[in-house]
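Q: I am new to this structure. Could you take a close look at the place where the ligand sits and walk me through it?

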Amino acid sequence: TELEGLELRWIDIPLVSPFRTSFGTETARRVLLVRAVTGDGEGWGECVAMDEPVYSAEYVEGAAQVIRDFLLPRLGRGADPWKAEEAFRPVHGHPMAKAAVGAALLDVWLRARDTSFGEFLGAVRPAVPSGVSVGIMDSVPELLDAVDGYVAEGYRRIKLKIEPGWDVAPVRAVRERHPDLPLQVDANTAYTLADARHLARLDPFDLLLIEQPLPEDDIAGHAALARLVATPICLDESITSAAIAADAIVRGATSVVNIKPGRVGGFLEARRVHDVCAAHGVPVWCGGMLETGIGRAANVALAALPNFTLPGDTSASSRYFATDVTEPFVLEDGALLVPTGPGIGVAPDEAVLRALTVRTEFLPA
Ligand SMILES: CC(=O)N[C@@H](Cc1ccc2ccccc2c1)C(=O)O
Ligand SMILES: [Mg+2]
């Protein structure tokens, strides 16, 4: 059926604790939600762009403008997710803006067919094991307290944010405290190839992987680094499409891939990345962008696909939010249940949404 329009909704949601990475510290999220309205009903998508372009080139206000001025006009009154992907192709970049609209269209398309994201994408398990991403802290004792808390909650894997000056010592301390804990690190592009010898000092700690040590455009650098460091290299920011995933794999730049639907332009492309990695025998896991339950529900369904063999950053809602926009995702035996309802299988709570909303704008198709 036809698209009536898209509602853009800006919400401000506080974080339960500051989250520090190599590119800055966040204490609250400004999130852009997209609601697609068609003759069949409505669907929700979440734009994972940050308020500032410090993770990648996108940012909330830019994504809103791209949706309003360049994506919606190309959609016309079309509501078909595949045609939307095609219509968006002439627009270069802006994967998070495209993914937010695409997810909303896919949600309404699936709800109208009484089909869940999991069924549609090809989920093979009813629950997905959860990992958690732990920020840079002011001291090692503070980090150990945070890690102990997450381990006690049942998280199956701990990921530590690192940057030059906060890497070997915190990793050593966590490994000594938790000798058998699945452990990995994420540098968010903070190092250079000149740091190879230093990064190799992480090799004794039996890490699962080192995530995105170098700048996102340095595929050759990651391939060179992979020959100098024993710990597997995993890419995040670098992987913006299935084709780039294949290129990075065959060039030896990555042996594990973090998949984020927003970073690759949507759930259809995310599944293609999953399939390309499976074809090369490269395991994947589902990354996180501190999504509300709307984005989280869809991510959990994606993380249930067969080649998602490592715990992802699909943490419980309480890792980030005291109150989530939807029913909270709760850890059960270290895993999150894949929603089984039509579409994403969750819906925002009207009262919570109203309380968090900064602004809404309805864009008629
Ligand atoms: C869970 C995790 O580590 N996510 C990103 C980094 C990140 C960190 C902080 C964020 C704050 C606001 C919005 C998105 C953010 C993404 C990553 O894997 O690289
Ligand atoms: Mg990352």
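A: A polar side-chain atom of Lys260 lies 3.2 Å from an oxygen atom of ligand 1, a polar contact being a pair of N or O atoms within 3.5 Å. Ligand 1 also has an oxygen atom 2.7 Å from a side-chain N or O atom of Asn188, and one 3.0 Å from such an atom of Ser133. The protein buries 100% of the 440 Å² that ligand 1 exposes when taken alone (accessible areas by the Shrake-Rupley method, 1.4 Å probe).

This is a predicted model, where local features need pLDDT of at least 70 and side-chain atom pairs pLDDT 80 or more, while totals for chains, interfaces and linings use all residues. Side-chain values use heavy atoms, without hydrogens and water, residues are numbered from 1 along each chain as written, and chains are lettered from A and ligands numbered from 1 in written order.

Now to the surroundings. Ligand 1 has 20 residues around it, and Lys159, Lys161 and Gly288 are among those that come nearest (near: a heavy atom within 4 Å). Domain 1 (3-114 + 350-364) and domain 2 (118-337) both give residues to this shell, so ligand 1 lies between them (bounds from an automatic or database domain assignment).

Conventions. Polar contact = N/O pair within 3.5 Å; in protein donor to acceptor, adjacent residues only side chain to side chain.
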